[in-house]
Amino acid sequence: MKCDVRNLADPVPDKLEEHHIMGQSQNFPEDLTRFVQTNMGNPATSDFILKLRAHILPRIVAIHQEVNPKATLDMDVNLLDDSDDTTPRGRLSQFNHVLFEGNRIYRHHLLHINYTTYNLQHKFNSINPHTDHREIMLLSNSEGEHHPFSYAQVLRIFHANVMYTRPRSKDFQSH
């Protein structure tokens, strides 16, 4: 089924304080197990769920700590340390506390990113993996890099409803 991306109700960036804006619809669900099986052999999806959990875990921990800054979550302090060179498989037990509601992620066609230009003007860019507007440039986060930027092509855009089930976490509602 081909989708006409012009008729989708994705939001337009209207809040400058938000870094990015993505639709919240759940019209295009992807079952994680089926997604991994369908894309088996594709290097872009190698260890996809593990890498997704590794990406989400520090962010959801930050949400919990923001809600209750005095709470201790009994976590490995190296979890949020980007300099830790242990493999994602080495921290598998921590990643298992990140659950995807319904074992699903939800595909979107547009991602809007707000930014400030060199002359302090507020602008936004739209990324659509189904058009020519899918290449991105990011600041490199590796200190050993000789180039200050990393380049990528966005293949798909997803959001997920995530539950964090670590002991002493505030709740088990999706975030």
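This is a predicted model: local features need pLDDT of at least 70, side-chain atom pairs count only at pLDDT 80 or more; totals for chains, interfaces and linings use all residues.
Stop 1: Select β2 (29-31), β4 (104-108) and β9 (157-159). You're looking at an open sheet of three strands, in the order β2-β4-β9, with antiparallel pairing. The edge strands are β2 and β9, each of which pairs on one side only. Turn the view and you'll see the twist, which averages 40° from one strand to the next.

Now zoom in on β2 and β4, which run antiparallel and are joined by three bridges. To pick out a bridge, click P29: its partner in β4 is Y106.

**Stop 2: the largest pocket.** Next, select M22, L52, H55, L111 and F158, the residues that lie nearest the centre of the largest pocket. This pocket has a volume of about 2,200 Å³, and its lining takes in 42 residues. Which element supplies the largest share of that lining? Colour α2 (48-67): eight of the lining residues come from α2. By type, the lining splits into 24 nonpolar, 14 polar and four charged residues.

**Stop 3: the second largest pocket.** Move on to I113, N125, I136, M137 and L138, the closest to the centre of the second largest pocket among the 13 residues that line it. The volume here is about 420 Å³. Show β5, β6 (122-127) and β7, each of which gives at least two lining residues; β7 gives the most, with five. Colouring by type gives eight nonpolar, four polar and one charged residue around the second largest pocket.

Conventions. Residues are numbered from 1 along each chain as its sequence is written. Side-chain values use heavy atoms; hydrogens and water are left out. Two strands pair if DSSP finds at least two bridges between them. Helices (H or I, at least four residues) and strands (E, at least two) are DSSP runs, numbered from the N terminus. Axes are lines fitted to C-alpha atoms, for helices over the stretch in contact, and angles run from 0 to 180 degrees between N-to-C directions. On a 1 Å grid over the protein atoms alone, a cavity is a set of points where a 1.4 Å probe fits but cannot get out, and a pocket is an open set with protein on both sides within 12 Å along at least five of seven lines; lining residues have an atom within 4 Å of a point. Grid points are joined across faces, edges and corners, and a volume is the space filled by probe spheres set on the points. Ala, Val, Leu, Ile, Met, Phe, Trp, Tyr, Cys and Pro count as nonpolar, Asp, Glu, Lys and Arg as charged, and the others, Gly among them, as polar.
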